[in-house]
Each structure stands twice: as structure tokens, then as C-alpha cells.
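Hi,

Here is the structure I promised to pass on to you.

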Amino acid sequence: MGNLSTQRLLIYICLPLFFISMVSCEKEEVDMFECSGLNPTYTADIKPILDASCAKSGCHNAATAEKGINLSDYDHASQISQEDRFLGSIQHKNGYDKMPNDAPKLPESQVQLLTCWVQNGSPQ
């Protein structure tokens with residue numbers, strides 16, 4: 001009978017821990033911003049941010065393209081911007097690789113520009 005009690009105790013402890021771990025592995029939803037009057041374009045607003053923080057040697061430039069991500073030109077950047085991982089990573093959401101890697105989160109003003117750029121259809 002003691003063995004059955006031990007099994008029940010393990011179930012009561014392990015089952016909730018299992019469910020908690022499953023929930024914590026989910027990807028957090030990306031934030032959407034109010035973008036009224038904010039119409040960033042790749043050339044004027046986004047490319048300078050990506051060049052300084054992302055599309056550099058060893059990261060997401062054309063030569064390196066870490067994890068298959070090249071952010072060095074409009075065609076590649078606009079294509080990857082349509083994937084959840086782009087904003088999830090930039091916004092430091094759970095379940096995504098936080099970018100820039102080994103650096104602090106981008107300033108909120110840059111995160112907002114990048115998010116509004118995507119929300120507006122990633123215009124050139």
C-alpha cells in the first residue's frame with residue numbers, strides 16, 4: 001500500500017509540473033503598436049537600425065546569414081519581417097531568440113519603428 005501512496009504522491013507533484021512546463025514553452029505573442037502617423041520605410045528608417053544592430057559581420061549580413069537570416073538588403077529583410085520570429089526576437093518575447101544576441105534589447109523607439117514597419121506591410 002505504501003508503494004501506491006508514493007505513486008499517487010509522484011503523480012500529484014509531477015503532473016502539475018508537467019503542465020506548467022508545457023505552458024512555459026509556448027511562444028509569447030508579439031506586441032502591436034499604435035502606428036497612426038508613423039510610417040517607417042526600409043530605406044529611411046529600418047535599414048540604419050538593421051545595419052547597426054543586426055546585419056553586421058558574424059550575425060545576419062549576407063556573408064554570415066546566421067540561422068539562415070540575412071537582413072542586409074530590402075528583399076531579404078522584408079521577407080523575414082513577415083515571420084513571427086522577426087518581431088518576437090526584437091521584442092524579446094518568450095519562446096524566441098532574443099536579438100540582438102548578447103546585447104541589450106533595442107531602444108523602445110526602434111522596436112516601435114520596426115513593429116510599425118511590419119504592421120504597415122514592410123514598405124521600401
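Setting aside neighbours within four places in sequence, L113 is in contact with L38, P40, I46 and I49, where contact means heavy atoms within 4.5 Å. L113 sits in helix 5; helices (H or I, at least four residues) are DSSP runs, numbered from the N terminus. I46 is 67 residues away from L113 along the chain, yet their C-alpha atoms are separated by 7.4 Å.

Before you go on, keep in mind that this is a predicted model, in which local features need pLDDT of at least 70, side-chain atom pairs count only at pLDDT 80 or more, and totals for chains, interfaces and linings use all residues. Residues are numbered from 1 along each chain as its sequence is written, and side-chain values use heavy atoms, with hydrogens and water left out.

Now for the cysteines. A disulfide is a covalent bond between the sulfur atoms of two cysteines; here the cut-off is a pair of cysteine sulfur atoms within 2.5 Å. How many does a search of the whole structure find? It finds one, and it joins C35 to C116, with 2.0 Å from S to S. This pair links distant parts of the chain, 81 residues apart: C35 is in the loop between helix 1 (2-24) and helix 2 (42-53), and C116 is in helix 5 (residues 108-119). The link of C35 and C116 is left-handed, with -85° about the S-S bond.

Are these two cysteines buried or exposed? Buried means under 20% relative accessible area, exposed over 50%, and partly exposed in between (1.4 Å probe, protein chains only). C35 is buried at 12%, and C116 is buried at 0%.

C54 is buried, with a relative accessible area of 8%, while C59 is partly exposed at 24%.

Last, the pockets. A pocket, on a 1 Å grid over the protein atoms alone, is an open set of points where a 1.4 Å probe fits, with protein on both sides within 12 Å along at least five of seven lines; lining residues have an atom within 4 Å of a point. The largest pocket is lined by 23 residues, and H60, I69, S89, D97 and M99 lie nearest its centre. Helix 4 (residues 84-90) gives the largest share of that lining, four residues.

Cheers

Methods:
Helices (H or I, at least four residues) and strands (E, at least two) are DSSP runs, numbered from the N terminus.
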